[in-house]
Amino acid sequence: MNIGIIGLGLIGGSLAKSIRQNTDNTVWGRDIKDSVVLKAQVVNAIDGELTDDTLKQCDLVIVALYPSATVDFVTEHRGDFKKGCIVIDCCGVKERVCAPLFGIARENGFTFIGAHPMAGIAFSGFDHSRNSLFEDASMILTPGPDAEIGQMHMLKTLFTRIGFSRIQMSTPKEHDEVIACTSQLAHVVSSAYVKSPAASRYKGFSAGSFKDMTRVAKLNEVMWTELFMDNRDNLLLEIDGITARLLEYRDALAEGDGKRLSALLREGSDIKISLG
């Protein structure tokens, strides 16, 4: 089938490379930078540039842009998608994107399905994209009421072939609630943690814990600001929750209550063990 990819950054570029390497599909790519499209063709990440004409021929369109840009692109091109085409996004929030696009897709004869590939590295851009990015990763899909079983099976088959080991079904609401904890809060905490004055003296004083805690502090602040703001209610709940829990540890220390501190630490350890 013909697959169009809008945005050839880290995620879009990696999708293009992995689809080209692991399937027989034809891949067309579009990017705001002509040089990126040319480079993608030179390294055989895409078969050719995605033009307005080839967009109309695509059976699957993957929009790998920021949330607002994703909504804008699909809305502006709503009349250009092939009837029966599937359009998916790659955004880290789902209600912001799915809420308007489910209806637009229905009105214009194509199907929109929310998607979130749970993979990434500390770098962005096509130059850092790779065909192995999605190996053993999870792909979250948030289909609307118009999605058909056959369409979902096709997506599951495609994503499994390019390396995803888990296809997680969800709703936009559930996705945003859970992702506020599993991804967004982790980035906030890491960013705040690395600002400690003691962090600059970590060499020789750290093992794996410092590296683990600071890994995601290196991020694209423009993208993450948009994601945080789009999911601010859920993220605020998580920040308020961890703030309250941290104060429990702080109060136990301040009061010299070793028994309470030990209980808090044991509770956290038990929860981690139960999570695996």
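When I say two residues touch, I mean they have heavy atoms within 4.5 Å of each other. Keep that in mind, and also that what we're looking at is a predicted model.

Okay, let's start with Asn108. You'll find Asn108 in the loop between α5, residues 95–107, and β6. Leaving out residues up to four places away in sequence, Asn108 touches Arg78, Gly79 and Lys83. So is Asn108 buried or exposed? Buried means under 20% relative accessible area, and Asn108 has 17%, so it counts as buried.

Now the inside of the protein. The largest nonpolar core has 35 residues, and Leu8, Ile62, Ile88 and Phe159 are the ones with the most contacts inside it. Several helices and strands supply at least two residues each, among them β1 (2–6), α2 (34–42), β5 (86–89) and α6 (149–161). Which element gives the most to this core? That's α1, with 5 residues.

Have a look at Leu8 while you're there. Again setting aside residues up to four places away in sequence, Leu8 touches a list that includes Gly13, Ala16, Val36, Ile46 and Phe126. There's also a second, separate core of 22 residues, and Trp28, Leu55, Val74 and Leu101 are in it.

Next up, helix α7, residues 172–193. Its 22 residues reach 30 Å from first C-alpha to last, close to the 32 Å expected at 1.5 Å a residue. Where is the kink in α7 centred? On Ala180, and the kink is about 50 degrees. Ala180 is also one of the buried residues of α7, along with others including Ile179, Ser183 and Leu185. The buried residues of α7 pack against α5, β6, β7, α8 (208–214), α9 (221–230) and α10 (232–254).

Last topic: charges. Side chains of opposite charge can pair when their charged atoms come close. How many salt bridges turn up in a search of the whole structure? The search finds 11.

Here are three of them. Lys94 pairs with Asp89, with the closest N and O atoms 2.9 Å apart. Lys94 is buried at 0% relative accessible area, and Asp89 is buried at 0% too.

Then Glu248 and Arg260 meet at 2.8 Å, N to O. Glu248 lies in α10 and Arg260 in α11, residues 258–275, so this pair ties together parts that are 12 residues apart in sequence. Glu248 is partly exposed at 32%, and Arg260 is partly exposed at 37%.

Finally, Arg266 and Asp270 form a salt bridge at 3.3 Å, N to O. Both lie in α11, 4 residues apart, about one turn of the helix.

Conventions: Residues are numbered from 1 along each chain as its sequence is written. This is a predicted model: local features need pLDDT of at least 70, side-chain atom pairs count only at pLDDT 80 or more; totals for chains, interfaces and linings use all residues. Side-chain values use heavy atoms; hydrogens and water are left out. A nonpolar core is a set of buried Ala, Val, Leu, Ile, Met, Phe, Trp, Tyr and Cys residues joined through side-chain atoms within 4.5 Å. Buried means under 20% relative accessible area, exposed over 50%, partly exposed in between (1.4 Å probe, protein chains only). The expected span of a helix is 1.5 Å times one less than its number of residues. The bend at a residue is the angle between axes fitted to the seven residues ending there and the seven starting there. A salt bridge is a side-chain nitrogen of Lys or Arg within 4 Å of a carboxyl oxygen of Asp or Glu.
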